[in-house]
Amino acid sequence: MKMKTRILAASTALAASVSPALAQEASSLDARVNEAFANFTGPFVSLIFAPFPGTSFPWIVMWLVIAATIFTLYFGFVQFRFFGHAIGLVKGDYSDPNDAGEVSHFQALATALSGTVGLGNIAGVAVAVGIGGPGATFWMILAGLLGMASKFTECTLGVKYRNEYPDGTVSGGPMYYMSKGFDELGLPGGKILAVLFSVFCILGALGGGNMFQANQAHAQITQLTGDYPGWITGILFAAVVFAVIVGGIKSIAKVTEKVVPFMGIMYVGAALIILIVNFDMIGWAFGQIFAGAFTGLGVAGGFVGALIQGFKRAAFSNEAGVGSAAIAHSAVRTKEPITEGFVSLLEPLIDTVVICTMTALVIIISQQLIIDEATGNYVLNEAGSAIATVDGNSGVALTSAAFASGISWFPFILAIAVVLFAFSTMISWSYYGLKAWTYLFGEGKTAELTFKVIFCVFVVIGAAANLGPVIDFSDAAIFAMAVVNIFALYFLMKIVRKELHSYAARLKSGEIKKFSH
């Protein structure tokens, strides 16, 4: 907390000291960086988000939703049947400190959550509601509930096929269960899939897990300090991020297990205050959500527009099916791979069903959402004039204005929350990208340091670029990971079901007991 306050103060001081000429030159640099980035990533983004022929529905969204539905049915609604047991695992009821691994169940959950609970919950929800209307919230919730099964599948496999090294460290994730799992089943192509996933994971780490975070953090800071070049924020963030990630997963876990609960309580607490004050409007807000889910309430694209935005934002927020969380959960201390699958299914619930829904409710209850006739999108109005839209870099601003309508000083709290969310997401995704990097280039200090430096350089690039190309590239890179990951999960899910049946039988018979601490 104090560290973040010093960052904000340093940003303000530096911005004030920049001469007009230097500021103009820096802005020109920002523009050049943005143009080059957009030109370079455009074809990749277009490929990932290509619509079904004759429709406007992105094929990648259906890819994720169908997979989540199949896993939910295949495992017999595991996310609901083992929900209570998952809570017990997080509490440490079944944890043996002598098991192989580097972090506890809670630390693994906190690290993975820090990679998902973040600006997708703030800016992402604002974008979804702004474009898809209140009804997008319904589809976000549904995608979150179904996504719990996807997360369960990938994280179980992540632990089962991880590499455990003599020094106690581990490496795991989709690239390992693709290569090892396919070999075990006698299937070809596992190593090719692993390489593809690793490449996309590195791109996702540099995009959604890095540049998008730095970009929106800078946007929120400038709401309070006034405009100044993005590279200043980028350099300050890069320095702090490097100081944490240089210590590896144990260092990251120690930070996230403290930051994630704090930032979650702070943000949810503010939302609860507004919802309690406006308790009489909660029923009306849910009415808007359900009605908008199937009618679109005048949104451009109607029902389909609301559905697409809800599913897209949920996927970007909780990353179920992407495979990223499996990398963090692979580091857990356990001898039962399925237990981390149970723990991981809590992520989409916390991230999407709870936090995203609360954000959407506050935006809707603000009663300032109207349709902009020029664009067909929602805008947040006060006294008849738009004060924030979902265009450009205003994703955070929309949420900030909605919260400020109930708590006047909330923009200052949100500025701190955005910095914390962005910071925690960056350090988690640095680990995901690092493990993909070392899978491709080998486990070694030189390879690790090289990636960490590259990652921090992209922090600066993200803060300097505009939101448009950054968020497009972020979505595309992360969804590209899901293309490869889900394809592999279809072949490997029978292994997870075997693990599930074995564990459930032993749990029911009493063979698996709570560990006495």
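Mentor: Contact here means heavy atoms within 4.5 Å. Please keep in mind that this is a predicted model.

Trainee: Which residues of α8 meet α17?

Mentor: From α8, the residues are Thr137, Met140, Ile141, Gly144, Leu145, Gly147, Met148 and Lys151. Their partners in α17 are Glu347, Pro348, Leu349, Thr352, Val353, Cys356, Thr357, Ala360 and Ile364.

Trainee: And how do those residues divide by class?

Mentor: The contact of α8 with α17 has 10 nonpolar, five polar and two charged residues.

Trainee: What about the geometry of α8 and α17: at what angle do the axes cross?

Mentor: The axes cross at roughly 170° and come within 8 Å. Angles over 145 degrees count as roughly antiparallel, and α8 and α17 are therefore roughly antiparallel to each other.

Trainee: Changing topic, how many cavities of 30 Å³ or more are there?

Mentor: The count comes to three cavities of 30 Å³ or more. The largest cavity holds about 130 Å³ of space.

Trainee: Which residues lie nearest the centre of the largest cavity?

Mentor: Leu64, Val65, Ala143, Phe311 and Ala315 lie nearest its centre, among 14 residues that line the largest cavity. The elements giving two or more residues to this lining are α3 (59-74), α8 (136-160) and α14 (302-318).

Trainee: Which element gives the largest share of that lining?

Mentor: Helix α14 does, with five residues.

Trainee: And what is the class make-up of the lining?

Mentor: The lining of the largest cavity comprises 10 nonpolar, three polar and one charged residues.

Key. Residues are numbered from 1 along each chain as its sequence is written. This is a predicted model: local features need pLDDT of at least 70, side-chain atom pairs count only at pLDDT 80 or more; totals for chains, interfaces and linings use all residues. Side-chain values use heavy atoms; hydrogens and water are left out. On a 1 Å grid over the protein atoms alone, a cavity is a set of points where a 1.4 Å probe fits but cannot get out, and a pocket is an open set with protein on both sides within 12 Å along at least five of seven lines; lining residues have an atom within 4 Å of a point. Grid points are joined across faces, edges and corners, and a volume is the space filled by probe spheres set on the points. Helices (H or I, at least four residues) and strands (E, at least two) are DSSP runs, numbered from the N terminus. Ala, Val, Leu, Ile, Met, Phe, Trp, Tyr, Cys and Pro count as nonpolar, Asp, Glu, Lys and Arg as charged, and the others, Gly among them, as polar. Axes are lines fitted to C-alpha atoms, for helices over the stretch in contact, and angles run from 0 to 180 degrees between N-to-C directions. Angles under 35 degrees count as roughly parallel, over 145 as roughly antiparallel, 65 to 115 as roughly perpendicular and the rest as oblique.
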